Amino acid sequence: MGNKASASTVTPVILSGGAGSRLWPLSRASYPKQFLPLASEQTMIQETALRVSSDRFAAPLVICNEEHRFIVAEQLRAASVSPAEIILEPVGRNTAPAVCIAALALLESGEDRLMLVMPSDHVIARSDRFLEAVEQAAVAAAAGSLVTFGITPVAPETGYGYIKAGGPLGSSDNIRVVERFVEKPDLATAQAYLADGRYLWNSGIFLFSAAAYVAELEKSNPAIVEACRQARSSAARDLTFCRLEKEAFAAAPSDSVDYAVMEKTDQAAVVAVDMGWNDVGAWSALWDIAEKDESGNVVHGDVVLHNARNSYVRSEEQLVAVAGLDDVVVIATDDAVLVADRKHVQDVKLIVERLKAEKRDEHALHTTVYRPWGSYRGIDIGDRFQVKRITVKPGERLSLQMHHHRAEHWIVVQGTALVTCGEKQELLFENQSVYIPMGTTHRLENPGKVPLHLIEVQSGSYLGEDDIVRFEDGYGRVAGK
């Protein structure tokens, strides 16, 4: 299985597979919470990567949904983080297979490596304490332990699983043997755990060697390891990404690291740490961790409050006014508004499930849709027409394509466009336009140094994104992606 792991260098493994449905309408399936700047000016995945960007750590491995690959790559680039690899999951199989894939990737070097497994969407206010805990955990992991990070509880929280810490592991009083894992408790049980002093919140952050993880998973669930080996060995290169073989990975049983390994191994250890951790599982969590005004309110964006208390109000664009309400959450995007009692924000997930059942797009898509070349935003739609604002990043270009059911009119509002329309190619500048007839092969490029902004007016009998025939594409995409 390779040489014994060294504690000298740790490889971060960043898991970016969640949908964050409890933070709807800001978080959506196509652009979930880890890609949003919810707790700081950086997005959550950027904060996660930057937290482990010192010389103490190797370049990170990132495991993500294949639909998010370009968002992940762009956000890491913007944060000046160069990942060792971005591995694409064709289907979600929970965390145990994802971590197995990362472990197998590390073992390909022939050496056993320590891996620090982290969700991409958690807040850690005290990074210094987190890094101290990583140092302690690395020593235990190099000696063969599978270490989880237990959060010192500050309240009888019923939304987290707990870890009961046993006796010390070796000479370190802060690394303890895991006595047992317990499910999310009711309030009375959580109060008893808090009073006991031996129970810690389960953070879902782990540190262990790649070989130790695979060995324990082979004992408890060999089908996961076999499926992951097949998916990794049959993986394909897609630009700078590693695309797992879909059929093989889909055969992996869906399970979490906790259930598949940590609750079954006799090598589990826990390091206790008070690091200002929050998994941001609901809008109330952002109210909890934010600085509040004298009335207990947290506001973001264009917000006016009158006689409101203990509320979280966020507007992405338009003015939002709240009067005479206490303990509410109000979230306004350009296409949806959420108003909820702060104590019932977990029910937002039920609203998202209803939107899915009713086949509405708002559960999955924002009006702004991100593509590897830039983004587009729906402005207006009606019978046989649709208007979008398109932004193309400098040096990027869309695929060479055609549409069977629609024509398009492009008007440049900022920047320079290089337009291919049939056999003709021309440069367009601000206030210039071009017409793309139905069935005509065409391409849009930005040859300039600044973003290109244009208005696109589509007209025709069918305006769906899947009416795209691609003849040439630099991003390995199929129609509509």
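The model is predicted, so local features need pLDDT of at least 70 and side-chain atom pairs count only at pLDDT 80 or more, while totals for chains, interfaces and linings use all residues. Residues are numbered from 1 along each chain as its sequence is written, and side-chain values use heavy atoms, without hydrogens and water.

**Helix α6 with its partners**
- Helix α3 (residues 95–107) packs on α6 at an angle of about 130 degrees, with the axes 9 Å apart.
- By class, the α3–α6 contact has twelve nonpolar, no polar and no charged residues.
- Helix α6 (residues 210–220) also packs against α7 (residues 222–233), at about 125 degrees and with axes 5 Å apart.
- α6 is therefore oblique to α7.
- V214, L217, E218, K219 and S220 of α6 meet P222, I224, V225 and R229 of α7.
- The residues of the α6–α7 contact divide into five nonpolar, one polar and three charged.

**T43**
- T43 sits in the loop between β1 (10–16) and α1 (44–51).
- Its relative accessible area is 8%, which counts as buried (under 20%).
- Beyond neighbours within four places in sequence, T43 contacts Q34, F35, L36, P37 and Q75.

**Annotated domain**
- An unreviewed UniProt entry lists residues 359–473 as "domain: Mannose-6-phosphate isomerase type II C-terminal".
- Residues 359–473 are 0% helix and 56% strand, and the end C-alpha atoms lie 30 Å apart.

Note on methods. Axes are lines fitted to C-alpha atoms, for helices over the stretch in contact, and angles run from 0 to 180 degrees between N-to-C directions. Helices (H or I, at least four residues) and strands (E, at least two) are DSSP runs, numbered from the N terminus. Angles under 35 degrees count as roughly parallel, over 145 as roughly antiparallel, 65 to 115 as roughly perpendicular and the rest as oblique. Contact means heavy atoms within 4.5 Å. Ala, Val, Leu, Ile, Met, Phe, Trp, Tyr, Cys and Pro count as nonpolar, Asp, Glu, Lys and Arg as charged, and the others, Gly among them, as polar. UniProt positions are given in the numbering used here, feature names are shortened, and annotations may be inferred rather than shown by experiment. Buried means under 20% relative accessible area, exposed over 50%, partly exposed in between (1.4 Å probe, protein chains only).
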